[in-house]
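Subject: Structure handover

Hello,

Here is the structure you are taking over. Please open it first, then read the notes below.

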Amino acid sequence: MSFTALRIDKSGDGFSRSIVERQVDDLPAGDVLIDVHYSSLNYKDGLSATGNPGVTRNYPHTPGIDAAGVVLECATADLDPDDAVVVTGFDLGMNTAGGYGQRIRVPAGWVVALPSGLTLHESMLLGTAGFTAALCVHKLEQAGMAPGVGPILVTGATGGVGSVAVKLLAQLGYDVTAVTGKAEQHELLRELGATDIISREAARDGADRPLLKEVYGGAIDTVGGEILFNAIKSLRYGCSVAACGLVDSPQIPASVLPFILRHVNLLGVDSVQLPLGQKQEIWEKLAGGWKLDLSALEERLNLESVSGAIDRILAGKMVGRGVVDLTASVRLTGQGS
Ligand SMILES: NC(=O)c1ccc[n+]([C@@H]2O[C@H](COP(=O)([O-])OP(=O)(O)OC[C@H]3O[C@@H](n4cnc5c(N)ncnc54)[C@H](OP(=O)(O)O)[C@@H]3O)[C@@H](O)[C@H]2O)c1
C-alpha cells in the first residue's frame with residue numbers, strides 16, 4: 001500500500017525537501033497503523049526538517065511530531081479499526097516517520113483515544129503546541145496559580161504555544177500580559193484575551209539587575225535566556241514560571257536570589273515523554289471545560305505549503321497554528337520512497 005509523504009534528504013552539507021510516494025511496508029515496526037488526516041507545524045518540526053541533530057539523526061526522514069487520524073490496524077487489544085486517535089511526542093517525527101505522511105505506524109503506548117468533545121481537525125489545531133500550553137497551565141495551577149493572583153506573563157505570545165496559552169488563560173479568567181516581537185499582531189493578541197502587551201525588548205529590560213519589581217502571579221515561557229530569568233525575577237512571592245521552550249536560548253543567566261528571597265518556583269514542562277495517562281487527562285480537559293475556539297489562529301497547510309511555513313517558524317515569523325491537511329491532494333516532487 002502506498003501513501004504520500006514529505007521527505008527530508010541529507011544532501012551534501014544541506015537538507016532538501018520533496019513530496020514522494022512511500023510504501024507502508026517501509027514504515028517502522030509498531031502496533032498501530034494510522035491513516036493520518038491532520039498533523040500540525042511546531043518549532044521542532046522546523047528543527048527536524050533542517051537537520052538539527054538534537055531532534056533527528058537519521059535521514060531520509062518524514063517530520064511531523066503530531067498526528068490525528070483513524071486506526072487502520074492494531075496488533076493489541078487497546079484499539080480497534082476506525083477508532084479516532086491522536087499521537088503527540090515520544091519519538092514521532094524525530095527518528096520515527098511522522099505526521100507529514102498519510103500513514104504512521106507507532107507503538108500502542110504512544111496513542112491517545114480522541115476524546116469525544118474534539119474533532120480530528122480541532123485536535124491538530126491545538127497540536128503539540130496547544131497541548132503544551134495546556135500542560136503549562138495545568139502544572140502552574142497545581143503549584144497554586146489561580147485567577148486573582150496577579151497578571152500571568154506569556155512569552156513568544158504570537159507563536160503556537162504562546163497564542164494558545166494566552167487564549168486559554170484569558171478564558172479561565174486570568175489577566176494576561178503577552179510578550180511579542182511582532183508589533184503588527186497586537187490586535188490579534190487582544191482578541192485572544194491579552195490585557196497587556198509588552199515588546200521583547202521591554203521583557204529584556206533589567207537583565208543586569210538581581211531582582212525586578214514583583215508583578216506576575218505566574219508565567220509561561222517559550223523562549224528561555226534573559227527573558228526567562230527576567231520573568232523569574234518579576235514573580236510575586238511564592239509564584240511560579242512554567243518553562244517549556246528555547247527559541248531565544250537554551251541557557252538561563254540565573255542567580256539563586258529570586259528563589260531564596262521570594263520563594264518562587266521554576267517548573268519544567270515536557271510534553272514528549274509525559275506518561276500516556278497524563279496526556280489523556282490533558283486532552284480530556286481540552287475537549288471539555290478547557291475547550292477553545294482557535295479559528296482565529298489557524299493557517300491551513302498541506303504537504304506543499306508546509307515547506308514555506310517551516311522556513312517562517314524557524315525565522316520566528318509564524319503566527320498562531322499551522323494545521324497540515326493530509327487529505328489534500330498534492331503534486332509529487334520527488335521519486336522513490
Ligand atoms: N517542552 C515541550 O514539551 C515543548 C512542546 C512544544 C514546544 N516546545 C518549545 O516551545 C517553543 C515554542 O514552540 P512553538 O511551536 O510555539 O514555536 P513558534 O510558533 O515558533 O513560537 C515561538 C515564538 O517565540 C517568539 N520568538 C521567536 N524568536 C524569538 C527570540 N529570539 N527571542 C524571543 N522571542 C522569540 C515569537 O513570538 P513573538 O513574535 O510573539 O515574540 C515566536 O512566534 C520552542 O522552543 C519549542 O521547541 C516545547
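The centres of domain 1 and domain 2, taken over C-alpha atoms, are 29 Å apart. Domain 1 covers 2-117 + 293-325, and domain 2 covers 128-268. These bounds come from an automatic or database domain assignment. Two residues are in contact if their C-beta atoms, placed from the backbone, lie within 7 Å. Nonpolar means Ala, Val, Leu, Ile, Met, Phe, Trp, Tyr, Cys and Pro; charged means Asp, Glu, Lys and Arg; the others, Gly among them, are polar.

Two points on the source. This is a predicted model, in which local features need pLDDT of at least 70 and side-chain atom pairs count only at pLDDT 80 or more, while totals for chains, interfaces and linings use all residues. Residues are numbered from 1 along each chain as its sequence is written.

Next, the ligand. The shell around the ligand holds 32 residues, and the closest are G156, G159, G160, G245 and G316. Helices α1 (43-49), α2 and α3 (160-171) each give two or more residues to the shell. By class, the shell has 13 nonpolar, 14 polar and 5 charged residues.

V247 is worth a look. V247 sits in the loop between β12 (240-243) and α7 (257-262). Helices (H or I, at least four residues) and strands (E, at least two) are DSSP runs, numbered from the N terminus. Beyond its neighbours within four places in sequence, V247 contacts Y43, G156, T222, V223 and G316. T222 is 25 residues from V247 in sequence, yet their C-alpha atoms are 6.9 Å apart. V247 is partly exposed, with 19 other C-beta atoms within 10 Å. Buried means 20 or more such atoms within 10 Å, exposed means 12 or fewer, and partly exposed is in between, with C-beta atoms placed from the backbone.

Last, helix α6 (residues 225-233). Here 8 of the 9 residues are buried, so α6 is largely enclosed by the rest of the structure. The buried residues are E226, I227, L228, F229, N230, A231, I232 and K233.

Best wishes

Notes. Near = placed C-beta within 6 Å.
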